[in-house]
Amino acid sequence: MLSIDKLWQDIEKIRNTSPLVHNITNYVVMNTTANALLAIGASPVMAHAVEEVESMTGIANSLVINIGTLSKKWIEAMSLAMKTAKTKRIPIVFDPVGAGATSYRTETCLKLMNETHPNIIRGNASEIMALVDSKIKTKGVDSAHTSDTALKAAENLAEAYGCTVIVSGKVDLITDETDTIYVKNGHEMLSKVTGSGCTATAIVGAFIAVNESSLFAGAHAMAVMGICGEIAAKNAKGPGSLQLNLLDAFYNLTKSQIEDYLK
Amino acid sequence: MLSIDKLWQDIEKIRNTSPLVHNITNYVVMNTTANALLAIGASPVMAHAVEEVESMTGIANSLVINIGTLSKKWIEAMSLAMKTAKTKRIPIVFDPVGAGATSYRTETCLKLMNETHPNIIRGNASEIMALVDSKIKTKGVDSAHTSDTALKAAENLAEAYGCTVIVSGKVDLITDETDTIYVKNGHEMLSKVTGSGCTATAIVGAFIAVNESSLFAGAHAMAVMGICGEIAAKNAKGPGSLQLNLLDAFYNLTKSQIEDYLK
Amino acid sequence: MLSIDKLWQDIEKIRNTSPLVHNITNYVVMNTTANALLAIGASPVMAHAVEEVESMTGIANSLVINIGTLSKKWIEAMSLAMKTAKTKRIPIVFDPVGAGATSYRTETCLKLMNETHPNIIRGNASEIMALVDSKIKTKGVDSAHTSDTALKAAENLAEAYGCTVIVSGKVDLITDETDTIYVKNGHEMLSKVTGSGCTATAIVGAFIAVNESSLFAGAHAMAVMGICGEIAAKNAKGPGSLQLNLLDAFYNLTKSQIEDYLK
């Protein structure tokens, strides 16, 4: 069971210090994840030129790498930013979007992860399983598996890279191999909003900027994502209003809502 | 007159099978069209690296090519994806955004279309006319002509490429040269939402994935776009709320709404 | 004090003539700024290929350059578009996003501005100050200074480049070095919507297309941005609904609202 006090402490830190979260992410979700970070209280910046990623990462409080619309130049920038972050002890969150859909995606992920072990990896079940077993296939960017089937893969990945692994799904798993936390909040309609996984990853970037424990930063972020998703879904008529309500929910989240919603 | 039963059959197939629609599209609308595809029930993926487009197209149920923010590297990827799709008999929808605005756009469209005949081409009147007559000018990405003036051009294009051509406008024309279907649904405020044409093209991508007839896949998609646009406009206070309501309308569309709205 | 009649005249010109605004802008806000331009009545186009920027700028009524997610290829295109605009006397609005965050950003801005003096430069206080004093630092893309502290820098910049400089903030300053106009409209929640500064810049692009005075085009645009922000905030529950309401407010703006809201 998560501590509501510690979760709330993270949110207050984010709101009070507005950590700078440097994102190298995909074209589809840049606007969405920037808005999610602003709504939760962080300060997002998107920058990907090899000429400046070292400088930009260097002033950031965390780095979020998301390979969603990867290409050669962008992978170079991601690699450079991750190395800079590691040297400067700036925490890295990595999202292996579509790993398992093409071998280019899986191999790019493994290359980046082997060069610089991220602090947290977040993906859906198929993506996490594909990073461990090359026979696993992902349907584009959508999971073909449920999160509980990915537990063993997540633990193996956490051990191999010395990191925390988050498998999002109906129930989210957050594991550092030693400990595993389950987050049961969320709403199924979120899967009908593009980039809701990427938004979760970005929110993890805000929490890891203020909480040194990868395990708890990850769990707190996923709980907030799930709770705000539920609050957003209450008055949503479909995925369009859900996406809007989600930003409003991040912005307005109170401690008493967390007490009411956390499962 | 379209058959409501057959239209509804397509929607049920999309919702039940979630076809994977591979999009190589422009930066402006990636988020919007991914959300539209999710809302109607499909599974969108955006990927443009030359290293992976063959693999990604290869697992897709349809391919949507939209040249909106074209550049050299992206055209290479589009070309490669289209060739892969043709070889594997995966249907291709092509959107010649801004053809007629610059010769670079017109020539790129013709090059791609000549290499690999798409199954469906969708554009506004100026764009379709510019593909047939190089003297026609497009105002940026907005049409300077009405759809009925483009009928002859659409028929010529359909004949030349052995494909279905959709001209969207106040009335949409869908022609395979032999037959022409008119769709009279829609709402004028949609022209104040960026990428509503691109959204129509993406939705066509979902229908062609489940319906082998390009003519009817195109007509069904345009009818759904128009009907959902009208439903969305009913409670919209402007183009901001219209865009949100449109996603909700795709998600909630019922057969009885189609019966009520189809003109 | 701004003349409401002259401000309204600009809006009517935009709505009646739909000026074509060519944007070379960042990935994060492309959708948002295209929608803002459509909602206010302009016709936006986004195009960045070096092969076509001269043609596209050549048919446009104004050019908006925003370096938000800059990279080498895009800077080339920006440079080429700006030179074309200058030759053809098409007004240029320049947004130095994140100047002062990395030296790459600051230097790129100065290079582009030195090559082709823009008609209007709009930034937040830190960005404007960083263009004048290399010791000033910007926190990613967010200002670390208030707009009034940037007045001297804005005046210096306006003199050096013979242009109008807009510093947006709680109070917006618009100066051509000789005259300075203050716009006091706006809402603090706008800072929680990504790209609200970029949206302001795009709106300036619509006004400069119909008003030859850079000073008054800039001031009218910022007043409209601020007023619509206030109208949007009235029924907003957070930054999600604010963003949507802002588009609706642009679309529905009346002269009597300007009379009621202009401070």
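Modeller: B:Ile166 has B:Ile174 as its bridge partner in β7(B). Three bridges join β6 (residues 164-168) of chain B to β7 (residues 172-175) of chain B, and the two run antiparallel. Strands count as paired if DSSP finds at least two bridges between them. Helices (H or I, at least four residues) and strands (E, at least two) are DSSP runs, numbered from the N terminus.

This is a predicted model: local features need pLDDT of at least 70, side-chain atom pairs count only at pLDDT 80 or more, and totals for chains, interfaces and linings use all residues. Residues are numbered from 1 along each chain as its sequence is written, while chains are lettered from A and ligands numbered from 1 in the order in which they are written.

Now the whole sheet of chain B. Eight strands form an open sheet, in the order β2-β1-β3-β4-β5-β6-β7-β8, with mixed pairing. β2 (43-46) and β8 (180-183) of chain B stand at the edges with a single partner strand each, so one side of each has no neighbour in the sheet. From one strand to the next, the twist averages 20 degrees. Helix α2 (residues 30-40) of chain B packs on the sheet and touches β1 (20-24) and β2 of chain B. Its direction makes about 155 degrees with that of β2(B). Axes here are lines fitted to C-alpha atoms, for helices over the stretch in contact, and angles run from 0 to 180 degrees between N-to-C directions.

Chain A shows the β1 and β2 pairing. β1 (residues 20-24) and β2 of chain A pair in the parallel sense over four bridges. A:His22 stands opposite A:Val45 in β2(A). The chain crosses from β1(A) through α2 (residues 30-40) of chain A to β2(A), a right-handed β-α-β crossover. Right-handed means that, with the strands pointing away from the viewer, the path from the first strand over the helix to the second runs clockwise. On β2 (residues 43-46) of chain A, A:Ser43 and A:Val45 point one way, A:Pro44 and A:Met46 the other, and all are buried. Buried means 20 or more other C-beta atoms within 10 Å of the residue's own, with C-beta atoms placed from the backbone.

In chain C, look at helix α6 (residues 125-132). Seven of its eight residues are buried, among them C:Glu127, C:Ile128 and C:Met129. The buried residues of α6(C) pack against α5, β5 (120-124), α7 (151-161) and β6 (164-168) of chain C.

Next, the copies. Chain B can be laid on chain C with an RMSD of 0.0 Å by a turn of 120 degrees and a shift of 0.0 Å along the axis. The two copies are thus related as by a three-fold rotation axis. In chain B, the C-alpha of B:Tyr27 is nearest the axis, 3.7 Å from it. Superposition is by least squares on the C-alpha atoms of residues with pLDDT of at least 70 in both copies.

Last, the contact of chains C and A. It takes 27 residues from chain C and 27 residues from chain A. Residues are in contact if their C-beta atoms, placed from the backbone, lie within 7 Å. On the side of chain C that touches chain A, α2 (30-40), α5 (103-115) and α10 (239-252) of chain C each supply at least two residues. α10(C) gives the most, with four residues.

Terms used
Two residues are in contact if their C-beta atoms, placed from the backbone, lie within 7 Å. A residue is buried if 20 or more other C-beta atoms lie within 10 Å of its own, exposed if 12 or fewer, and partly exposed in between; C-beta atoms are placed from the backbone.
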